[in-house]
Amino acid sequence: GILDKAYIASPVLMSIADTGNSNIDGTYDPNGTVNSRPAYIHAVNGITEVFWTGAQWRILATDAILDSYDDVAQPWLTTTWILVSGTASDPTINAPGLNWTVTTN
């Protein structure tokens, strides 16, 4: 038939997946800037942070720390993460706006 309506939905938040750590995986709200770069806070737990320390990107959870020394503008542009402490696998970080969905009638 003929398409009446189509809705396009874009995730507006950065997300982290594949770490196997529920304190890290999920969506992140913008949280100002730290050391002149954007910072993010976990949208559900309000505790886990992603920020630039001045020397590296850091994912800081209550039970894990991951660092990336890639000097890039946003955390989703990093290519290598190092587990500093705790338990977590390499994260997959998705930029806001990825994984669009289209809903039709």
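Visitor: Which residue of β5 stands opposite Y40?

Guide: V50 does. Strands here are DSSP runs of E with at least two residues, and helices are runs of H or I with at least four, numbered from the N terminus. This is a predicted model, in which local features need pLDDT of at least 70 and side-chain atom pairs count only at pLDDT 80 or more, while totals for chains, interfaces and linings use all residues. Residues are numbered from 1 along each chain as its sequence is written; side-chain values use heavy atoms, leaving out hydrogens and water.

Visitor: How do you know that β4 and β5 pair?

Guide: Two strands pair if DSSP finds at least two bridges between them. β4 and β5 have two bridges, so they pair. The sense is antiparallel. Six residues lie between them in a hairpin, and G46 in the turn has a positive phi of about 65°.

Visitor: What joins β3 to β4?

Guide: Five bridges join strand β3 (residues 26-34) to β4, and the two run antiparallel. T33 has P38 in β4 as its bridge partner. This hairpin has two residues between its strands, and N35 in the turn shows a positive phi of about 55°.

Visitor: Why is strand β4 called largely enclosed?

Guide: Buried means under 20% relative accessible area, exposed means over 50%, and partly exposed lies in between (1.4 Å probe, protein chains only). Five of the six residues of β4 (residues 37-42) are buried, so the rest of the structure largely encloses this strand.

Visitor: What makes D71 and R37 a salt bridge?

Guide: The rule asks for a side-chain nitrogen of Lys or Arg within 4 Å of a carboxyl oxygen of Asp or Glu. The N to O distance for D71 and R37 is 2.6 Å, so the pair qualifies. The partners are 34 residues apart: D71 sits in the loop between β7 and β8, R37 in strand β4. D71 is exposed at 58% relative accessibility, whereas R37 is buried at 18%.

Visitor: How many salt bridges does the rule give?

Guide: Two. D67 and R58 also meet in one, at 2.8 Å, N to O. D67 has 3% relative accessibility, so it counts as buried. R58 has 22%, so it is partly exposed.

Visitor: Which residues touch the most other members of the largest nonpolar core?

Guide: M14, I16, I24, Y28, V50 and I59 do, in a core of 15 residues. The elements giving two or more residues to this core are β2 (14-17), β5 (49-52), β6 (57-60) and β7 (64-68). A nonpolar core is a set of buried Ala, Val, Leu, Ile, Met, Phe, Trp, Tyr and Cys residues joined through side-chain atoms within 4.5 Å.

Visitor: Why is V84 called partly exposed?

Guide: V84 has 48% relative accessibility, so it falls in the partly exposed class. V84 is found in strand β8 (residues 82-86).
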